[in-house]
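Please keep the sequence and the structure in view while reading.

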Amino acid sequence: QLQLVESGGGLVQPGGSLRLSCAASGSRLDYYVIGWFRQAPGKEREGVSCISSVGGRTNYADSVKGRFTISRDNAKNTVYLQMNSLKPEDTAVYSCAADFGAFCNIAYMEYDYWGQGTQVTVSS
């Protein structure tokens with residue numbers, strides 16, 4: 001019953017910023033661990049960030065730490081990924097995913113629910 005819809009992707013120049021949204025319907029997102037993932041053609045899917053359902057704990061891939069921030073807005077039942085100082089290597093389809101649980105692990109990828117993804121392109 002949980003449905004996730006990503007938005008906010010687009011074309012941005014290197015050094016620019018984008019804010020991705022993951023809007024949920026059908027259930028409260030705060031019951032779930034939420035992860036952001038990305039995948040470029042020819043590359044494996046990688047975990048970018050995740051946020052726990054308990055305590056708001058967050059984790060980030062080393063490649064984005066210090067540049068990306070994950071957050072929750074419970075009133076809007078939405079999770080965000082603020083991406084700053086974007087680099088061309090950040091170009092990928094970004095997807096959010098949800099899994100019933102308490103704490104997130106950046107290496108975990110077996111989420112039960114996935115959005116369709118939103119394209120992020122970083123280019124001059």
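## Terms and model

A residue is called buried when its relative accessible area is under 20%, exposed when that area is over 50%, and partly exposed in between, using a 1.4 Å probe and protein chains only. The model is a predicted one, in which local features need pLDDT of at least 70 and side-chain atom pairs count only at pLDDT 80 or more, while totals for chains, interfaces and linings use all residues. Residues are numbered from 1 along each chain as its sequence is written, and side-chain values use heavy atoms, with hydrogens and water left out.

## Two disulfides

How many disulfides (pairs of cysteine sulfur atoms within 2.5 Å) does a search of the whole structure find? The search finds 2, and with bonded cysteines counted along the chain, their pattern is 1-3, 2-4.

Strands here are DSSP runs (E, at least two residues) numbered from the N terminus; Cys22 lies in strand β3 (residues 18-25) and Cys96 in strand β9 (residues 92-100), so the pair ties together parts that are 74 residues apart in sequence. The torsion about the S-S bond of Cys22 and Cys96 is about 70°, and the disulfide is therefore right-handed. Cys22 is buried at a relative accessible area of 0%, and Cys96 is buried with a value of 0%.

The sulfur atoms of Cys50 and Cys104 are 2.3 Å apart and form a disulfide. This pair links distant parts of the chain, since Cys50 is in strand β5 (residues 46-51) and Cys104 in the loop between β9 and β10 (113-114), 54 residues apart. The link of Cys50 and Cys104 is right-handed, with 70° about the S-S bond. Cys50 counts as buried at 1% relative accessibility, and Cys104 counts as buried at 11%.

## Nonpolar cores

In soluble globular proteins, nonpolar side chains tend to be buried together. A nonpolar core is a set of buried Ala, Val, Leu, Ile, Met, Phe, Trp, Tyr and Cys residues joined through side-chain atoms within 4.5 Å. The largest such core has 29 residues, of which Leu4, Trp36, Phe68, Val79, Leu81, Met83 and Tyr94 touch the most other members. Among the strands that each supply at least two residues of this core are β3, β5 and β9. A second, separate core of 6 residues includes Phe37, Cys50, Cys104 and Tyr111.

Leaving aside neighbours within four places in sequence, Tyr94 is in contact (heavy atoms within 4.5 Å) with residues including Leu20, Trp36, Phe37, Phe68, Leu81 and Met83.

Methods:
Disulfide = S-S within 2.5 Å. Helix = DSSP H or I, 4+ residues; strand = E, 2+ residues; numbered from the N terminus.
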